[in-house]
Amino acid sequence: MPIIRFTYNNCDKILVSSPGFIDSIAEKNIDKGKIHFFPQWAEPIFKRVENTQVKLSVVPQNSFIVMFAGNIGESQDFDSILKAAEKLKENKKIQWIILGSGRKEQWVKEEIKKLELGDTFHMMGRYPLEDMPNYYSLADAMLISLKKNYIFSLTIPAKLQSYLACGKPILAMLDGESPKLIRDAKAGLTCDSEDAD
């Protein structure tokens, strides 16, 4: 902690990627006047795609596609995502597409079998970054979630800017700064972290 405080006190400006970090840093007796919100942005590759050659062969026609893209880890709260999918599994029109990989990937695959979600919940693996806007274009809504945690409530995950840049509605299961941003932008629907209902 002394090194962090020394660093903060001996720089001219502190740029933070979320407004939530301003008070968090100021509480360490740091001059709030030198802390500035400097939002992240999506890489230029992320934009709305109208027509794509990409197909999702596992998804029935006229489905409502909920897509998650990114790390499949502990923080992303796949426990709650799977609970939500299980509650909706009788509605085969709702299809969950998961793009990405991570240390909980195998666990998620096992849960899909255990919960009998194979008809509606699909792990598609990783794709190159430049392909992502094409896949996003197939989604009806993009999903973002994080576990209930004070630090997570302060952050704005980078994928949120990518989702926004592609012009897709967002379904968010998050606390804190991110849902506020989504609501202010009228960009989707939010609920609290870990609220599968």
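Two strands count as paired if DSSP finds at least two bridges between them; helices (H or I, at least four residues) and strands (E, at least two) are DSSP runs numbered from the N terminus. By that rule, 6 strands form an open sheet with parallel pairing, in the order 5-4-3-6-7-8. The model is predicted: local features need pLDDT of at least 70, side-chain atom pairs count only at pLDDT 80 or more, and totals for chains, interfaces and linings use all residues. Residues are numbered from 1 along each chain as its sequence is written, and side-chain values use heavy atoms, with hydrogens and water left out.

**Sheet**
- Strand 5 (121-125) and strand 8 (188-191) are the edge strands, each pairing on one side only.
- On average, neighbouring strands of this sheet are turned by 20 degrees against each other, direction ignored.
- Strand 7 (residues 170-173) pairs with strand 8 in the parallel sense over 4 bridges, and M173 stands opposite C191 in strand 8.

**Helix on the sheet**
- Helix 3 (residues 78-87) packs on the sheet and touches strand 3 (64-69), strand 4 (94-99), strand 5, strand 6 (141-145) and strand 7, where contact means heavy atoms within 4.5 Å.
- The direction of helix 3 makes about 155 degrees with that of strand 4; axes are lines fitted to C-alpha atoms, for helices over the stretch in contact, and angles run from 0 to 180 degrees between N-to-C directions.

**Cavity**
- The structure holds 1 cavity of 30 Å³ or more; a cavity is a set of points on a 1 Å grid over the protein atoms alone where a 1.4 Å probe fits but cannot get out.
- The lining of the largest cavity consists of L146, K147, N149, F152, S153, L174, D175 and S193, lining residues having an atom within 4 Å of a point.

Technical notes: 1 Å grid on protein atoms, 1.4 Å probe; cavity = no way out; pocket = protein on both sides within 12 Å on 5 of 7 lines; lining within 4 Å. Points joined across faces, edges and corners; volume = space filled by probe spheres on them.
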